[in-house]
Amino acid sequence: MSNDEKVKTLLVNKKARFNFFIEETIECGIELQGTEVKSLRENRFSFGDSYARIKDNQLWLIALHISPYTFGNLNNHDPDRDRKLLAHKKEIRKLRKKVEEKGFTLVPVRLYLKNGLIKVELGICRGKKLFDKRETIKQRDLE
């Protein structure tokens with residue numbers, strides 16, 4: 001990352017780090033409507049149980065809740081709609097291979113602003129078992 005890039009983290013998905021082993025991350029753009037951008041800048045969103053899925057060779061972010069913009073009008077967005085993620089075809093093919101063959105899941109790890117654009121860091125994750133979660137809690141308590 002060069003010095004002229006300005007990155008501001010909006011929110012980190014702590015639940016993803018607790019429930020999954022994050023093997024690799026990928027940066028994606030996100031296709032938004034005007035009022036969604038304003039709500040995101042005000043930190044009026046939540047990851048909940050959001051995840052990404054590949055449909056028709058396109059990457060989609062599902063179940064990301066973005067609250068309606070306070071000063072919006074009739075053109076306000078649907079808070080729970082599926083949003084298209086912007087990635088290269090080659091990256092999507094690579095992700096599809098991992099998800100189908102090895103049983104990985106695509107989970108948003110963080111949302112951030114980079115040079116004024118909203119980006120999603122998508123984690124290629126493997127689920128943790130109950131004993132792994134207990135180990136994570138133990139490590140956190142020791143620290």
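Modeller: What follows goes through the salt bridges, then some other charged residues, then a few loop residues.

This is a predicted model, in which local features need pLDDT of at least 70 and side-chain atom pairs count only at pLDDT 80 or more, while totals for chains, interfaces and linings use all residues. Residues are numbered from 1 along each chain as its sequence is written, and side-chain values use heavy atoms, with hydrogens and water left out.

Start with the salt bridges. The structure holds 12 of them. A salt bridge here is a side-chain nitrogen of Lys or Arg within 4 Å of a carboxyl oxygen of Asp or Glu.

One of them joins Asp49 and Lys15, with the closest N and O atoms 3.0 Å apart. Lys15 is in helix H1 (residues 14-19), and Asp49 is in the loop between strand S3 (45-46) and strand S4 (51-55), so this pair ties together parts that are 34 residues apart in sequence. Helices (H or I, at least four residues) and strands (E, at least two) are DSSP runs, numbered from the N terminus. Asp49 is exposed, at 59% relative accessible area. Lys15 is partly exposed, at 44%. These words have cut-offs: buried is under 20% relative accessible area, exposed is over 50%, and partly exposed is in between (1.4 Å probe, protein chains only).

Next, look at Glu24 and Lys98. Their side chains meet in a salt bridge, at 2.8 Å from N to O. Glu24 lies in strand S2 (residues 20-30) and Lys98 in helix H3, so the pair ties together parts that are 74 residues apart in sequence. Glu24 is partly exposed, with a relative accessible area of 26%.

Now take Arg81 and Glu36. They form a salt bridge too, and its closest N and O atoms are 2.8 Å apart. Arg81 lies in the loop between strand S6 (65-66) and strand S7 (83-86), while Glu36 is in helix H2 (residues 34-41), so the pair ties together parts that are 45 residues apart in sequence. Glu36 counts as buried, at 0% relative accessibility. Salt bridges with shared partners also join Glu24, Lys94 and Lys98 into one network.

Other charged residues come next. Lys119 is in strand S9 (residues 117-127). Lys119 is buried yet has no salt bridge. The nearest side chain of opposite charge is Glu27, 4.5 Å away. Leaving out residues up to four places away in sequence, Lys119 touches Glu27, Cys28, Gly29, Arg110, Leu111, Tyr112 and Lys114. Contact means heavy atoms within 4.5 Å.

Lys84 sits in strand S7. Lys84 is partly exposed, at 23% relative accessibility. Its contacts beyond four places in sequence are Gly29, Ile30, Glu31, Gln58, Leu59 and Trp60. Lys84 and Ile66 are 18 residues apart in sequence, and their C-alpha atoms are 14 Å apart in space.

On the surface, Lys89, Lys90, Arg93 and Lys97 gather in a patch of positive charge. Patches are made of residues with over 30% relative accessible area and no salt bridge; like charges are joined within 9 Å, and nonpolar side chains (Val, Leu, Ile, Met, Phe, Trp, Tyr) within 5 Å. Lys89 is found in helix H3 (residues 89-102). Lys89 counts as exposed, at 66% relative accessibility.

Finally, three residues in loops. Gln33 lies in the loop between S2 and H2. Gln33 is partly exposed, at 37% relative accessibility. Apart from neighbours within four places in sequence, Gln33 is in contact with His77 and with Arg81, the partner of Glu36 in the salt bridge above. Gln33 and Asn76 are 43 residues apart in sequence but 8.7 Å apart in space, C-alpha to C-alpha.

Asn43 is in the loop between H2 and S3. Asn43 is not a glycine, although its phi is positive, about 60°. Asn43 counts as partly exposed, at 42% relative accessibility. Asn57 lies in the loop between S4 and strand S5 (58-62). Phi of Asn57 is near 60°, again a positive value in a residue other than glycine. Asn57 counts as exposed, at 55% relative accessibility.

Conventions. Areas by Shrake-Rupley, 256 points an atom, 1.4 Å probe, with all protein chains shown as cover. Lys, Arg positive; Asp, Glu negative; His and termini not counted. Charge placed at Lys NZ, Arg CZ, Asp CG, Glu CD.
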